[in-house]
Amino acid sequence: VENNASKRKTHTEIALTPTRQYQYDAHRSLITKPELSFNYLVPLLGNIPNTENFLEAIKELRLNEISWVNSNELRNSIGAKFFPNSDSKNETTLALEEILGMVLRNAKQLADRSANEDVVDCVIAVPSFFGTAEKMALLDALKIAKLNPLGIVNENLAAAVRYTIDGHQLASKRNNTNSSVVMYINMGAASFKVSILNHSEIFDENTEKKIDSINLLGEAWDKYL
């Protein structure tokens, strides 16, 4: 899906200026208005303000310029306090889920334009370190963006499914076996994830056919590498 700059890679950033800036415009605001610019939102989901994990996150992600507060809009979660106008006295507080919801809504608009129709259903790939709290916060953000999540899948598992379609049979023939062990290395913008999965074929008694099977053998990550 192309963005407004006709690029297929889109920054998941937002600047909470009066006109709301997204993508490359928001990226430029990181220099001029860092207190209004939000990036690397995903690693912050599910955190509670002023805890050790949260303080480590904002330090590693260099988000110290933002005034973070406790927000009870959705649950005991993170919120950001800011002034949309530099000369304004009207302080605004938004929950992190609301801010991410705006970013997702912008992504939905790009998808709508590309598909030439209203895109509602989606499947979301999330990092390996996502637990229940992170996924619940993401679901709230999707609801704000008016998106219907059909599923939430681990990023590396999503890559493994794609590999099953494209390359598993080739690897199996090369090894002269019906299985292969593959390491998936996911070097994201703010984190590093590694998963080792076994691809094999098993016999399905119901369909009496061989089907592909994927088993997780191990995984590890660094949230801020």
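1. The N-terminal end of helix α5 is capped by Asn154, which places a side-chain oxygen 2.8 Å from the backbone nitrogen of Asn156. Helices are DSSP runs of H or I with at least four residues, strands are runs of E with at least two, and both are numbered from the N terminus. The side chain of Asn154 also makes a polar contact with the side chain of Ser128, at 3.5 Å. A polar contact is a pair of N or O atoms within 3.5 Å; within protein, one atom must be able to donate a hydrogen and the other to accept it, and residues adjacent in sequence count only if both atoms are side-chain atoms.

2. The model is a predicted one, in which local features need pLDDT of at least 70 and side-chain atom pairs count only at pLDDT 80 or more, while totals for chains, interfaces and linings use all residues. Residues are numbered from 1 along each chain as its sequence is written, and side-chain values use heavy atoms, with hydrogens and water left out.

3. Ser128 is placed in the loop between β7 and α4 (132–144). With a relative accessible area of 10%, Ser128 is buried. Here buried means under 20% relative accessible area, exposed means over 50%, and partly exposed lies in between (1.4 Å probe, protein chains only).

4. Helix α5 covers residues 155–166, and its 12 residues should span 16 Å at 1.5 Å a residue; the end C-alpha atoms are 17 Å apart, which agrees. The expected span is 1.5 Å times one less than the number of residues in the helix. Within α5, the residues Asn156, Ala160 and Thr164 are buried. They lie on the same side of α5, because they cover an arc of only 90 degrees around the axis. The arc is that of the directions from the helix axis to the C-beta atoms. An α-helix has 3.6 residues a turn, so residues three or four places apart point the same way.

5. Helix α1 has Gln23, Ala26 and Ser29 as its buried residues. Seen down the axis of α1, these residues fall within an arc of 100 degrees, so they line one face of the helix. Arg28, Ile31 and Thr32 are exposed on the other side of α1. For Arg28, the relative accessibility is 52%, and the residue therefore counts as exposed. Arg28 and Ala57 are 29 residues apart along the chain, and their C-alpha atoms are separated by 22 Å.

6. Which residues of the largest pocket lie nearest its centre? They are Thr10, His11, Thr12, Val42 and Glu155, out of 43 lining residues. The elements that give two or more residues to this lining are α1 (23–32), α3 and β7 (121–126). Helix α3 supplies the largest share, 8 residues. The space in this pocket is about 1400 Å³. By residue type, the lining divides into 26 nonpolar, 10 polar and 7 charged. Ala, Val, Leu, Ile, Met, Phe, Trp, Tyr, Cys and Pro count as nonpolar, Asp, Glu, Lys and Arg as charged, and the others, Gly among them, as polar.

7. Rolling a probe the size of a water molecule over the atoms shows where empty space is left. On a 1 Å grid over the protein atoms alone, a cavity is a set of points where a 1.4 Å probe fits but cannot get out; a pocket is an open set with protein on both sides within 12 Å along at least five of seven lines; lining residues have an atom within 4 Å of a point. Grid points are joined across faces, edges and corners, and a volume is the space filled by probe spheres set on the points.

8. By this rule there is 1 cavity of 30 Å³ or more. The largest cavity holds about 30 Å³ of space. Its lining includes Asn47, Ser77, Leu96 and Ala137. Strand β5 (77–82) and helix α3 (96–115) each supply at least two residues of this lining. Asn47 itself is found in the loop between β3 (37–38) and α2 (52–60), and at 9% relative accessibility Asn47 counts as buried. A polar atom of the Asn47 side chain lies 3.3 Å from the backbone oxygen of Pro43.

9. The protein chain as a whole has 6 helices and 11 strands. Of its 225 residues, 38% count as buried. The C-alpha atoms fill a box of roughly 70 × 45 × 30 Å, taken along the principal axes.
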